[in-house]
Amino acid sequence: MENKHLQQAKDTIAKERNFKDWNDLNKGKIRVYNEEYIDQIATEYHRLMSEWVSVDEISKEDKEIIDAWIIESGKIAMALFMTIGLKNGIEATMVNDYNGEYYKLSFIKLPQPPK
């Protein structure tokens, strides 16, 4: 399945040459996949992919995937941080991005129990 931005880039290049769209250009006898066209399509595709996307434009399904990824990556980061902190006895302050609360985490090595 082709990316919609790639198709849009192809259509833009075709319209610059007075064709209705990329498929219309392909119907002609023009050698479509020449180096000039590929470079122009790549440039247009890069421009389209570089544009910011509004959060309102993201589908509900994509938002759910992004939220799940954020939660899981946060859990992994916290587990890694805790492991390193416990091993090295570090102290750090963390901020909850959701509500702005600060948490002080101290990882102090416990003394060796008496023999």
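The model is predicted, so local features need pLDDT of at least 70 and side-chain atom pairs count only at pLDDT 80 or more, while totals for chains, interfaces and linings use all residues. Residues are numbered from 1 along each chain as its sequence is written, and side-chain values use heavy atoms, with hydrogens and water left out.

The chain holds four helices and two strands, where helices (H or I, at least four residues) and strands (E, at least two) are DSSP runs numbered from the N terminus. Read from the N terminus, the order of the elements is α-α-α-α-β-β. Of the 115 residues, 15% count as buried; here buried means under 20% relative accessible area, exposed means over 50%, and partly exposed lies in between (1.4 Å probe, protein chains only). The chain exposes about 10000 Å², with carbon and sulfur atoms supplying 58% of that area. Accessible areas come from the Shrake-Rupley method with a 1.4 Å probe, and for residues only the protein chains shown count as cover. Among contacts with a separation of 6 or more, 26% come from residues 24 or more positions apart, a contact being heavy atoms within 4.5 Å.

The buried residues of α1 are H5, A9, K10, D11, I13 and A14, and their cover includes α2 (22-27) and α3 (35-50). A14 counts as buried because its relative accessibility is 0%. Leaving aside neighbours within four places in sequence, A14 is in contact with F19, D21, W22 and L25, whereas A9 touches I41, E44, Y45 and L48 when residues up to four places away are not counted. After α1 comes N18, whose phi is positive, near 65°.

The largest nonpolar core has eight residues: A9, I13, A14, W22, L25, Y37, I41 and L48. Such a core is a set of buried Ala, Val, Leu, Ile, Met, Phe, Trp, Tyr and Cys residues joined through side-chain atoms within 4.5 Å. Helices α1, α2 and α3 each supply at least two residues of this core.

Charged pairs come next. The structure holds four salt bridges, each defined as a side-chain nitrogen of Lys or Arg within 4 Å of a carboxyl oxygen of Asp or Glu. R17 pairs with E16, the closest N and O atoms being 4.0 Å apart, and also with E36, at 3.5 Å. E36 lies in helix α3 and R17 in the loop between α1 and α2, so this pair ties together parts that are 19 residues apart in sequence. Another salt bridge joins K75 to E72, with the closest N and O atoms 3.4 Å apart. K75 and E72 both lie in helix α4, three residues apart, about one turn of the helix. Through shared partners, salt bridges join E16, R17 and E36 into one network.

Helix α4 (residues 60-88) also contains I70, which counts as partly exposed because its relative accessibility is 47%. Together, I66, W69 and I70 make a nonpolar surface patch of about 340 Å². Patches are made of residues with over 30% relative accessible area and no salt bridge; like charges are joined within 9 Å, and nonpolar side chains (Val, Leu, Ile, Met, Phe, Trp, Tyr) within 5 Å.
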